[in-house]
Amino acid sequence: MHNLTIAELVQGLQSKKFTSVELTQHFLDRIAELNPDYNAVITVTAEQALKAATAADQRLAAGNAPALCGVPILHKDIFCTNGVRTSCGSKMLDNFIPPYNATVVENFEQAGAVVLGKTNMDEFAMGSSNETSFYGPVKNPWATDCVPGGSSGGSAAAVAARLAPGATATDTGGSIRQPAALCGITGLKPTYGRVSRWGMIAFASSLDQGGPMARTAEDCALLLNCMASYDDKDSTCIEREVPDYSASLNSSIKGLRIGVPKEYFSDGLNPGTETAVRSALAELEAQGAELVEISLPNSALSVPAYYVIAPAEASANLSRFDGVRYGYRCEEPKDLEDLYCRTRAEGFGEEVQRRILIGTYCLSAGYYDAYYGKAQQVRQLIQQDFATAFEQVDLIMGPTCPSPAFKFGSKGDDPVAMYLEDIYTIATNLAGLPGMSVPCGLVDNKPVGLQIIGNYFDEARMLNAAHQYQQHTEWHNAAPEGLV
Amino acid sequence: MSNWDTVIGLEVHVQLATKTKIFSGASTAFGAEPNTQACAIDLAMPGTLPVLNKQAVHYAVMFGLAIDAEIGKESAFERKNYFYPDLPKGYQTTQLEKPIVGRGQVEIQLADGSKKNIRIHHAHLEEDAGKSLHDGNFRHGVSGIDLNRAGTPLIEIVSEPDMISAEEAVAFAKKLHSIVTSIGICDGEMSQGSMRFDVNVSVKPRGSDTLGTRTETKNLNSFKFMEEAIAKEVERQIDLIEDGGSVIQETRLYNGDTKTARSMRSKEEANDYRYFPCPDLLPVIVSDETIEQLRRSMPELPDARQARFVEQYGLSEYDAGILGSDAPMAAYFETVTDQSGNAKLAANWTMGELAGRLNNEDISIGKSPVSAEQLAGMIARIADNSISGKMAKQVFEAMWAGEGSADEIIEARGLKQVSDSGALEQIVADVLAANQAMVDDYINTDEAKRKKKLGGFMGQIMKASKGQANPQQVNQILLQKLNELL
């Protein structure tokens with residue numbers, strides 16, 4: 001059952017080939033058996049899951065089941081779950097049990113999905129390797145000595161290891177697409193404002209966006225149908241009808257104009273990755289798409305601009321973790337300053353502290369214009385680059401990341417090397433555009449991803465292209481040895 | 001004459017009278033049990049997001065219209081970062097670069113009748129912080145935090161340094177109070193912190209063009225404290241300079257109970273607030289239609305109302321100034337006038353007996369034990385001579401004590417004034433007959449001084465009538481009878 005896609009599971013459930021309780025138990029058993037190898041899931045909600053599965057079976061029997069009724073999923077531990085610990089991968093929130101659901105969690109509950117538990121992640125979504133989690137690193141199911149990518153490494157590894165058929169994730173600078181690429185699955189970061197951020201613990205509010213992870217584009221469409229919604233609790237959520245993302249999956253891509261940015265194939269790109277991406281583009285061309293070389297001239301500025309804006313926003317967003325109202329509090333504070341200093345020094349990990357310091361510095365008197373002000377100008381330039389490109393092309397494609405999964409600790413000493421992992425993904429967050437990653441090959445038996453970038457609210461077209469690609473290739477069905 | 005000029009600017013925090021908070025649906029009502037009016041957003045729980053309260057925006061625009069200011073059609077919120085336990089998010093959401101209300105002006109009137117314009121630099125929307133409950137208010141040695149106030153909408157009104165005395169500053173503060181209560185955007189309850197003043201004060205040699213170093217005294221919540229704090233600060237600064245020292249830029253606190261001020265922090269210790277645009281909120285766009293709609297529905301402003309009171313009710317400038325400046329009092333006065341048909345008496349009683357009593361007992365006019373309808377009922381009885389002014393005071397006391405309407409009290413206490421001339425003539429005749437010595441004395445007194453003797457007779461007559469005799473009539477009858485004896 002664990003090799004079936006969500007689309008197949010929905011069919012199996014509705015045609016009573018199996019029940020949701022059977023399915024849920026199967027995945028819970030797999031998590032119990034295999035998760036110790038990967039550390040992808042940090043909270044298992046077996047009891048609630050079986051209860052929800054029982055309810056789902058009743059609705060399925062009654063014939064009034066909503067779209068994802070009875071389908072088991074996992075939530076990234078950044079989404080608040082009513083009554084279930086939501087840690088954000090941090091010691092700071094190790095004891096935090098929210099009294100409310102994120103809108104995304106609520107949407108899946110409405111759609112009848114069964115939540116198996118919560119997935120591991122880089123602390124406060126800050127990281128590209130899942131090494132910054134308080135709960136220890138997640139291991140890549142393709143090579144357990146390698147990172148799964150981050151920050152949604154737990155969700156990606158769980159889907160790759162078939163611990164769940166789909167999972168929620170978030171992406172601030174590549175946190176859905178990079179782990180999806182490194183774990184050989186499909187992941188989509190929607191347009192900023194498409195998915196509600198209510199109840200999604202903030203890293204960098206102007207960049208954060210939730211999205212789905214699954215093995216196929218078809219499944220991502222099913223998940224996005226449920227995940228995307230207008231929410232008046234999030235002022236940045238955009239009021240716009242949610243299309244049926246499944247409806248146009250089978251459209252022909254003949255005549256689709258695909259922009260290939262030359263800046264995305266520069267020196268830093270692994271040759272094996274480049275070959276895989278080029279052959280994926282050739283496959284799409286063979287299906288009738290037209291490849292157009294384009295330029296995104298300010299691409300090189302995206303990483304430095306991001307590492308000013310994201311830490312600046314984070315430095316304010318994380319101020320609420322002060323030991324006063326909830327979460328970690330240091331022992332025996334001797335005064336208020338001691339409470340603040342030790343709570344935050346002990347409760348946050350090194351990378352989070354580094355980013356808070358960077359962000360605080362960038363916003364300080366005398367530095368604001370040189371850093372934050374300048375970065376906002378760069379952001380405009382990058383948006384303009386994309387706007388110009390989308391005058392010529394329908395979609396933009398290139399590699400998701402420079403190379404396949406790297407070994408644990410290999411970039412630990414050099415934060416900047418780690419930051420360059422997101423060199424191809426960050427620009428879309430700065431522009432607010434949707435982006436996705438689709439498996440397109442193996443290099444040293446490790447997956448690499450094709451990145452698809454769309455214009456605003458053009459997720460349906462991206463999913464259509466990805467689905468057509470997957471109809472003619474098998475990379476999305478490749479699985480780590482021993483896991484099929 | 002002092003050798004020094006004083007320069008004063010004010011920053012005024014006005015709590016807006018919205019039902020819910022500026023970024024959450026929690027109630028803003030004052031006085032609830034600590035932390036019962038703080039929702040997940042107010043507590044800054046992880047993942048929560050702010051949603052702007054439209055009413056707060058409308059109230060801010062109304063203030064802008066009231067002071068004839070430029071309205072920021074696109075304003076923006078920023079985060080002001082600092083750590084404090086009563087600031088749950090670790091930043092205050094406020095406006096800096098693009099405030100909702102731009103330059104405007106407020107006219108004040110001084111005691112000598114002269115008028116002066118005070119320029120408003122801008123007014124911006126922001127959220128209030130919670131309250132720290134320190135030792136004494138809370139358990140010994142422990143500080144508590146009450147977040148009920150956290151997220152209450154405020155406008156902060158920033159004046160130019162246009163005031164030169166405590167008198168001007170207080171007149172300005174009172175005028176702002178009058179404006180915001182008149183247009184209904186603030187309840188004006190100073191004791192509950194609905195309006196709080198930060199006062200920037202500096203002094204400079206008389207006639208100099210160069211401003212001195214200023215200090216800011218924060219969080220004054222009464223006009224009286226403000227006046228005292230300014231006087232003390234001006235004196236302190238002048239003494240300091242005259243003794244060869246210099247004023248340092250600092251934030252100060254004034255304690256109204258001990259009448260002392262102390263330094264809170266100097267410029268060097270000031271926070272770097274690291275303002276930046278709040279990414280959780282969109283720019284606030286106010287359309288021309290909204291502005292016009294609000295302009296059309298603006299309640300009457302105090303200046304217009306005062307002019308109308310003079311015109312419509314024939315009040316003196318002075319009376320109109322007092323009654324017209326305070327919106328609830330003005331409404332009360334108008335109800336009394338409408339229902340009693342006597343503006344003069346309505347004004348006297350509202351400003352006199354009623355206001356004095358409310359002031360003594362620290363009750364707002366909205367919670368007055370004597371309603372406008374009750375007072376009107378009583379004034380009607382004065383006007384038709386059913387009761388005398390003196391009896392009216394008794395009736396007022398009884399109404400204050402909750403004994404019912406004027407008519408009920410007059411009836412229950414048998415207070416009806418005797419105006420029947422036959423009955424009054426009899427009483428006067430009896431009193432004169434019983435006090436022959438007084439009558440002789442009257443007759444033997446010089447004509448010029450006789451008037452002074454009348455009081456004695458009046459006292460006897462009123463006593464005999466148990467205070468119910470109509471004094472004007474008695475006076476007439478008495479004079480007539482005494483003249484007959486001359």
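Two residues count as in contact here if their C-beta atoms, placed from the backbone, lie within 7 Å. Keep that cut-off in mind for every stop below. The model is predicted.

**Stop 1: where the chains meet**

Colour chain A and chain B separately. Across the boundary, 35 residues of chain A are in contact with 25 residues of chain B. Now pick out three helices of chain A: α9 (302-317), α10 (336-347) and α11 (350-363). Each supplies at least two residues of the side that touches chain B. The most comes from α9(A), with three residues. Colour this side of chain A by class. You will find 19 nonpolar, eight polar and eight charged residues.

**Stop 2: a buried arginine**

Select A:R197. It sits in the loop between β5 (186-189) and β6 of chain A. Is A:R197 buried or exposed? The cut-off for buried is 20 or more other C-beta atoms within 10 Å. A:R197 has 26 within that distance, so it is buried. Show its contacts, leaving out residues up to four places away in sequence. They are A:D208, A:D234, A:T236 and, from the other chain, B:L49. A:R197 and A:Q209 are twelve residues apart along the chain, and their C-alpha atoms are separated by 6.9 Å.

**Stop 3: an enclosed helix**

Move to helix α4 of chain A, residues 103-110. Six of its eight residues are buried, so the helix is largely enclosed by the rest of the structure. Select the buried ones: A:T103, A:V104, A:V105, A:E106, A:N107 and A:F108. What do they pack against? Show β2 (72-76), β4 (166-171), β6 (209-214) and α7 (217-227) of chain A, and you have the answer. Then step past the end of α4(A) to A:G112. Its phi is positive, near 85 degrees.

**Stop 4: a helix pair**

Select α2 (residues 20-38) and α3 (residues 46-62) of chain A. Angles over 145 degrees count as roughly antiparallel. The two helices are therefore roughly antiparallel to each other. Show side chains at the contact. From α2(A) come A:S20, A:V21, A:T24 and A:L28. Facing them in α3(A) are A:A46, A:A49, A:L50, A:A53, A:T54, A:A56, A:D57 and A:L60. By class, the contact has eight nonpolar, three polar and one charged residues.

**Stop 5: the nonpolar cores**

The largest nonpolar core has 147 residues. Those with the most contacts inside it are A:L116, A:A158, A:L395 and A:I452. Zoom in on A:A158. Beyond its neighbours within four places in sequence, A:A158 is in contact with A:A40, A:V41, A:L74, A:T119, A:L163, A:A164 and A:A167. Another core, of 55 residues, lies apart from the largest one. Among its residues are B:I118, B:I120, B:L154 and B:C186.

**Stop 6: the domains of chain B**

Finish on chain B. Colour domain 1 (4-290), domain 2 (300-413) and domain 3 (421-485). The C-alpha centres of domain 1 and domain 2 of chain B lie 34 Å apart. Their contact takes six residues from domain 1 and seven residues from domain 2. Which helix gives the most to the domain 1 side? Select α2 (residues 166-182) of chain B, which gives four residues. By class, this side of domain 1 has two nonpolar, three polar and one charged residues.

Note on methods
Residues are numbered from 1 along each chain as its sequence is written. Chains are lettered from A and ligands numbered from 1 in the order in which they are written. This is a predicted model: local features need pLDDT of at least 70, side-chain atom pairs count only at pLDDT 80 or more; totals for chains, interfaces and linings use all residues. Domain bounds come from an automatic or database domain assignment. Ala, Val, Leu, Ile, Met, Phe, Trp, Tyr, Cys and Pro count as nonpolar, Asp, Glu, Lys and Arg as charged, and the others, Gly among them, as polar. Axes are lines fitted to C-alpha atoms, for helices over the stretch in contact, and angles run from 0 to 180 degrees between N-to-C directions. Angles under 35 degrees count as roughly parallel, over 145 as roughly antiparallel, 65 to 115 as roughly perpendicular and the rest as oblique. A nonpolar core is a set of buried Ala, Val, Leu, Ile, Met, Phe, Trp, Tyr and Cys residues joined through C-beta atoms within 7 Å. A residue is buried if 20 or more other C-beta atoms lie within 10 Å of its own, exposed if 12 or fewer, and partly exposed in between; C-beta atoms are placed from the backbone.
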